[in-house]
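Here are my notes for you on this one. Have a look at the sequence and the model first, then read on.

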Amino acid sequence: MSITNQQVAERTFLRQLYADSYYPDHVLDQGRAVLLRLCERIETEQPSDLAALYVLTHAATEEFNSLEDAFEAAGSQIETVAREEIAEDFWFVASAYGFPDADVEELIAPREW
């Protein structure tokens, strides 16, 4: 499935992290894929309210949790800069799909990073 939301299609997810050699591109590619899958799920399932959106973002956050080992194996980690960039991208997704009032902390509530 290709993304139909133009804002999302034009977004470079995790842009700041790709610009920093501390974060390995091959792991960032996995994180970018998580965000794109989230967008695909939102377009497919069309959550009608914040509660339904949070179910989808929590599942994507769990996927990011599972990337921690990959970051560590590559000599990196999800630390402050990465946490903020990831959270910003989650909020961007929520906003782009009509949920600008989504609480960023709730979007990523199950995070372990």
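The points below go from the whole chain down to single residues.

1. Ground rules. This is a predicted model, where local features need pLDDT of at least 70, side-chain atom pairs count only at pLDDT 80 or more, and totals for chains, interfaces and linings use all residues. Residues are numbered from 1 along each chain as its sequence is written, and side-chain values use heavy atoms, with hydrogens and water left out.

2. The overall plan. The protein chain has seven helices and zero strands; helices (H or I, at least four residues) and strands (E, at least two) are DSSP runs, numbered from the N terminus. Reading from the N terminus, you get α-α-α-α-α-α-α.

3. Size. The C-alpha trace spans about 40 × 25 × 20 Å along its principal axes. For 113 residues, a compact globule would have a radius of gyration near 13 Å, and the protein chain agrees with its 13 Å. That radius is taken over C-alpha atoms, and the globule rule is 2.2 Å times the number of residues to the power 0.38.

4. Of the 113 residues, 42% are buried (buried is under 20% relative accessible area, exposed over 50%, partly exposed in between, with a 1.4 Å probe and protein chains only). The chain exposes about 5900 Å², with carbon and sulfur atoms supplying 46% of it; these areas come from the Shrake-Rupley method with a 1.4 Å probe, and for residues only the protein chains shown count as cover.

5. Contacts along the chain. Among contacts (heavy atoms within 4.5 Å) with a separation of 6 or more, 72% join residues 24 or more positions apart.

6. Helix H4. (The expected span is 1.5 Å times one less than the number of residues.) Its buried residues include Leu 53, Tyr 54 and Phe 64. What do the buried residues of H4 pack against? They meet helices H3, H5, H6 and H7.

7. Helix H6. Here 17 residues reach 24 Å from first C-alpha to last, close to the 24 Å expected. Glu 85, Asp 89, Phe 90 and Phe 92 are among its buried residues, and the buried residues of H6 pack against H1, H2, H3, H4 and H7. After H6 comes Gly 98, with a positive phi near 95°.

8. Aromatic pairs. There are four of them. Rings of Phe, Tyr and Trp (its six-membered ring) pair if their centres lie within 6.5 Å; planes under 30 degrees apart are stacked, over 60 edge-to-face, and the rest tilted. Phe 13 and Phe 92 are edge-to-face, 6.2 Å centre to centre with 70° between the planes. Phe 13 sits in the loop between H1 and H2 and Phe 92 in H6, so the pair ties together parts 79 residues apart in sequence. Phe 13 is buried at 1% relative accessibility, and Phe 92 is buried at 13%. Ring pairs also link Phe 64, Phe 90 and Trp 113 into a cluster.

9. A charge over a ring. The charged end of Arg 11 sits over the ring of Phe 92, 4.1 Å from its centre (the rule: NZ of Lys or CZ of Arg within 6 Å of the ring centre and within 35 degrees of the ring normal).

10. Leu 14 is not a glycine, yet its phi is positive, about 60°. Leu 14 lies in the loop between H1 and H2 and is buried at 1% relative accessibility. Gln 46 also has a positive phi, near 45°. Gln 46 belongs to the loop between H3 and H4 and is exposed at 61%.
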